[in-house]
Amino acid sequence: MDLRETLHRHVDDGTLPGAVAIVDTGGRREVVAVGSVDAEGSRPMAEDTLFRFASITKPITAAALLVLVDDGRLALDDPIGRRLPELAEPKVVRTPASALDDVVPAKRPITGVVQPGFTRVAEQRYVSRPSPCTGTAPASPGA
């Protein structure tokens, strides 16, 4: 499936009224515009259509980071302290129930990679295994 077909699929299923995508790979640039500028279809999307962005800092930063990874200039498991020395010696709260000033040195450096043992709070609210940062188990529910 090419870029135009991919964008059209999202327009055709109603996810988006229109879209513009630019892909540049090895100096070969492809620009595709599909659909309309609004849900009413008042005018077609064009390659030079202006967009208003809000809350886009994290996705733009992530895309820039992945370009650096793709270019081999950065690895996701590089300690962040190599680039930001002020984050070279992170501290963490001793336990989830501790006061915010009850901190200890983290057991490992901050990296871009999720380490084994981490869980998503939304998926699993209480975890009984030790934290990979502090080595202590979190307080049990109701404690």
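View 1. Phe 51, Phe 53, Ile 56 and Ile 60 form a nonpolar surface patch of about 410 Å². Patch residues have over 30% relative accessible area and no salt bridge, and nonpolar side chains (Val, Leu, Ile, Met, Phe, Trp, Tyr) are joined within 5 Å. A salt bridge puts a side-chain nitrogen of Lys or Arg within 4 Å of a carboxyl oxygen of Asp or Glu. Areas come from the Shrake-Rupley method with a 1.4 Å probe. This is a predicted model: local features need pLDDT of at least 70, and side-chain atom pairs count only at pLDDT 80 or more. Residues are numbered from 1 along each chain, and side-chain values use heavy atoms, without hydrogens and water.

**View 2. Ile 60 lies in helix α2.** This helix covers residues 57-70. Helices (H or I, at least four residues) and strands (E, at least two) are DSSP runs. Ile 60 has a relative accessible area of 52%, so Ile 60 is exposed (exposed is over 50%, buried under 20%, partly exposed in between).

**View 3. Strands β1 and β2 form a hairpin.** β1 (residues 18-25) and β2 (residues 28-35) pair antiparallel over eight bridges; pairing needs at least two DSSP bridges. Gly 18 has Gly 35 as its bridge partner. Two residues separate the strands, and Gly 26 in the turn has a positive phi of about 55°.

**View 4. Seven residues build the largest nonpolar core.** They are Leu 3, Leu 7, Val 11, Ala 19, Ala 21, Val 32 and Val 34. Helix α1 (3-12), β1 and β2 each give at least two residues. The largest share, three, comes from α1. A core joins buried Ala, Val, Leu, Ile, Met, Phe, Trp, Tyr and Cys residues through side-chain atoms within 4.5 Å.

Terms used
Buried means under 20% relative accessible area, exposed over 50%, partly exposed in between (1.4 Å probe, protein chains only). Patches are made of residues with over 30% relative accessible area and no salt bridge: like charges are joined within 9 Å, nonpolar side chains (Val, Leu, Ile, Met, Phe, Trp, Tyr) within 5 Å.
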